[in-house]
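Subject: Structure handover

Hello,

Please find the structure below. My notes on what was found in it follow.

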Amino acid sequence: MKTPLPPFPQLLAELIALPSVSSADAGLDMSNRHVIHRLAGWLEDLGFGVEEHALGGDKWNLVAVLGTGAGGLVLAGHTDTVPWDDALWTSDPFRLAERDGRFYGLGTSDMKSFFAVILEALRDLRAQDLTQPVIVLATADEETSMSGARALARYPLVHDRAAVIGEPTALRPVRMHKGMMMEAIRVIGRSGHSSDPALGNNALEGMQRVMGALLEWRDELQAAHREPLFRVPHPTLNLGHIHGGDNPNRICGRCELHIDLRPTPGLAVDALRREMQQRVADALAGSGLGVTFESLFEGIPAFATDPATAIVRAAEGLCQAPAEAAAFATEAPYLSALGTHTVVLGPGDIRQAHQPDEYLAMENVAPMVDVLRGLIQRFCMA
Ligand SMILES: [Zn+2]
C-alpha cells in the first residue's frame, strides 16, 4: 500500500529539517544520507525504481527512474547546503518558517525546494501515461568538491537525455555559465643578505615577471574569446593573493601567488592549466629560479547548451523568457559531458543562496510546478 505524498509545505519542511551541510572544513562537513533516504522513500511511493549510490565518506547520490526508453527527462539537483551562521538567522534555519509570502530555511533557494517542486509535479502522474522515462537525480557535495557530479559517468540513466538542474535562477532558463579554476604558483629562489644581490636569487623579482606574463596572457585570452551573453563577456583572470619574503633587508627566497581563472565555454580546464604553466616557465627562463604549481581545487568546466536544442526551446517557451547566462557555476558541465542537453532552471533566487534568512518566494512554487509538468508532457508523454 502506497503512502500518500505529504502536501508541498510538509515536503519542503522535512527536507529543510534534515541537515546536509558540506564544507571543506571537516568540523562542519556532514553526510547527506538522510536527505537522499527521504527522497528515495517518497519516490518509491510514487512508483519509481530507486538506486542509492555511496560515494565514500558517507556521501550519497540518488538516481530514480519511472518509465523506460532512450529519451525522457532528468530532473537534477544537489542535496547539500553551505554552512550557516546561527547568530545571523532570525529563525531556526532547520525549521521551515512561513512568513510574508516566503518559505524561510537553510536550502530553501539553494536548492532543496526544487526536490519538493519535483515531487509536487509528479504527484498525480500516472506511470502508464509515460512514453519515455522521468529520472530524478540528487547529488552530494555540490558546494565543495562536486564529488557527486563527478560520479555521474557511472550512471547510464543520466546519459544522452535532456535535463533540468533546479539551481536558483528565479524561473529563468540558463544555458551557459563560465568555469572556475583556482591555481597556486610558487616561485622558489634563495634568500641572502640584501647588501649583496649575488648572495641569493630573488623570488619576488621572479614573481613580478610571472605576473607580467599572466596579465599579458589575460589580454590575449580576452581578445580571443568573447561571449556576449555574459555580463562580463570574456574570460577573467584575477590575481587574488600573494605572499613572499619576510624582511626588507633579506633577499626574498619564496613567493606564492594564487589566481582565479573563469573560462568561457570552449576553454578547457586542463588545456588552460598547461598553458599557464608553460607561460610561467617561459617568464622565469634563465633566472635560475624554481617554480611549483598546485591546483587549489580540481576546477569546474564552463558550460553551454546549444540554443537550438529541444530542452532550451521548451524551457524558453514554458518560461516565456530567452535562455540566459549565469554568473555562478553548477553541475551542468558534468551532465553535458555525458551527452545530456542541460538547462539550469529553478524556483529560488541566487541572491538568497548562501545568505542568512535564506528564503523561497511562495509565488514561484506554482509556476515552477507548471514548468516541470510542461517539460514532462513534452519529453516523456509525447
Ligand atoms: Zn546550489
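**Helix α9 and its neighbours**

Ala310, Ile311, Ala314, Ala315, Leu318 and Cys319 in α7 are in contact (heavy atoms within 4.5 Å) with Val371, Gly374, Leu375, Arg378 and Phe379 in α9. By class, this contact of α7 with α9 has nine nonpolar, one polar and one charged residues; Ala, Val, Leu, Ile, Met, Phe, Trp, Tyr, Cys and Pro count as nonpolar, Asp, Glu, Lys and Arg as charged, and the others, Gly among them, as polar.

This is a predicted model: local features need pLDDT of at least 70 and side-chain atom pairs count only at pLDDT 80 or more, while totals for chains, interfaces and linings use all residues. Residues are numbered from 1 along each chain as its sequence is written, and side-chain values use heavy atoms, with hydrogens and water left out.

Helices (H or I, at least four residues) and strands (E, at least two) are DSSP runs, numbered from the N terminus. Helix α7 (residues 310-319) packs against α9 at an angle of about 140°, and their axes are 10 Å apart. Axes are lines fitted to C-alpha atoms, for helices over the stretch in contact, and angles run from 0 to 180 degrees between N-to-C directions. α7 is therefore oblique to α9; angles under 35 degrees count as roughly parallel, over 145 as roughly antiparallel, 65 to 115 as roughly perpendicular and the rest as oblique.

Gly374 lies in helix α9 and counts as buried because its relative accessibility is 19%. The cut-offs are under 20% relative accessible area for buried and over 50% for exposed, with partly exposed in between (1.4 Å probe, protein chains only). Gly374 and Ala314 are 60 residues apart in sequence, yet 8.5 Å apart in space, C-alpha to C-alpha.

Helix α3 (residues 108-122) also packs with helix α9 (residues 365-380), at an angle of about 60° and with the axes 9 Å apart. α3 is therefore oblique to α9. Phe114, Val117, Ile118, Glu120, Ala121 and Leu122 in α3 meet Val365, Met368, Val369, Leu372, Arg373 and Ile376 in α9.

**The chain as a whole**

The protein chain has nine helices and 16 strands, and 52% of its 382 residues count as buried. Its largest nonpolar core has 58 residues, and those with the most contacts inside it are Leu73 and Leu122. Such a core is a set of buried Ala, Val, Leu, Ile, Met, Phe, Trp, Tyr and Cys residues joined through side-chain atoms within 4.5 Å.

Regards
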